[in-house]
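Visitor: Please take a close look at one part for me. I would like to know about the salt bridges.

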Amino acid sequence: AELVAKAVASDPDAVTSESLQQAEETAMALYKKVKSQSGELDSHLSSRDEARREAARKLNERLRSVLQKCEDAHASLRSHGQKLAIRNAMADCLQKVTETEAAVKSAREAEEAFQKATKEAEGVQAESATMTSLEAANKEANSIINNSKSVLAVKRIFLKRQELSTSEQEELEQLQKRLDDSTQQLL
C-alpha cells in the first residue's frame with residue numbers, strides 16, 4: 001500500500017495513465033492477497049485451540065489495518081485517475097482551440113494576400129492563385145473549426161460529470177470563448 005501511495009503522491013502532476021494503471025494493478029494484487037489471508041485467518045478464529053485463536057485474532061486486527069490502507073490507496077488512485085482524465089481533457093480542448101486559432105490566422109493571411117493582389121492588379125493569374133489559396137485556407141479553417149467545436153462539446157459533456165475546480169471551469173469557459181471568437185473572425 002505504501003508503494004502505491006508513493007507512486008501517486010511523489011508528484012501528482014507527473015502521474016501518467018501508465019503509472020496509474022500499474023499502481024492500480026499493484027494495489028489490486030495486494031488487496032487480493034490480503035483478503036485471501038483474511039479468509040485463512042477466519043478458519044483459525046473458530047479453532048478449539050485457545051493460543052491459535054488468540055494469534056489469529058491479533059493477526060486479523062493487523063490485516064484489517066492493511067485492508068484499510070489498501071482501500072485508502074485505491075480511493076487515492078481513483079482520485080488521481082479522475083484528475084488525470086480532467087487534465088487530459090483540458091489539454092485536448094486547449095490543443096483544438098490553438099489549432100483553430102492558427103487556421104483562422106492562416107485564412108486571414110490568405111484573405112489579405114488576395115485583397116493585396118486585387119488592389120495591385122498583378123494580373124488574372126496572380127489573382128486566381130491567391131483566390132485558390134484563399135478558398136483552400138477558408139475550407140481548412142472551417143473544417144478545423146467544426147472539428148474543434150465537436151471535440152470541445154464532447155469534452156464539456158465529459159467534464160460536466162467530473163468535479164471541476166472553479167479555475168478549471170473558468171479555463172473551460174475561456175477556451176469556449178476563444179473558439180467562438182476565432183469562429184467570428186473567420187466570418
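Guide: The structure holds 7 salt bridges. A salt bridge here is a side-chain nitrogen of Lys or Arg within 4 Å of a carboxyl oxygen of Asp or Glu. This is a predicted model: local features need pLDDT of at least 70, side-chain atom pairs count only at pLDDT 80 or more, and totals for chains, interfaces and linings use all residues. Residues are numbered from 1 along each chain as its sequence is written, and side-chain values use heavy atoms, with hydrogens and water left out.

Start with Lys155 and Asp92. Their closest N and O atoms are 3.1 Å apart. Lys155 sits in helix α4 (residues 124-160) and Asp92 in helix α3 (residues 50-120), so this pair ties together parts that are 63 residues apart in sequence. Helices are DSSP runs (H or I, at least four residues), numbered from the N terminus. Lys155 is partly exposed, at 22% relative accessibility. Asp92 is partly exposed too, at 29%. The cut-offs are these: buried is under 20% relative accessible area, exposed is over 50%, and partly exposed lies in between (1.4 Å probe, protein chains only).

Now stay in helix α3. Lys96 and Glu99 both lie there, 3 residues apart, about one turn of the helix. Their side chains form a salt bridge, 3.6 Å from N to O. Glu99 is partly exposed, at 30%.

Next come Arg156 and Glu173. Their side chains meet in a salt bridge, 3.1 Å from N to O. The pair links distant parts of the chain: Arg156 is in helix α4, and Glu173 is in helix α5 (residues 166-186), 17 residues apart. Glu173 is partly exposed, with a relative accessible area of 44%. Finally, salt bridges that share partners join Glu54, Arg57 and Glu61 into one network.

Terms used. Helices (H or I, at least four residues) and strands (E, at least two) are DSSP runs, numbered from the N terminus.
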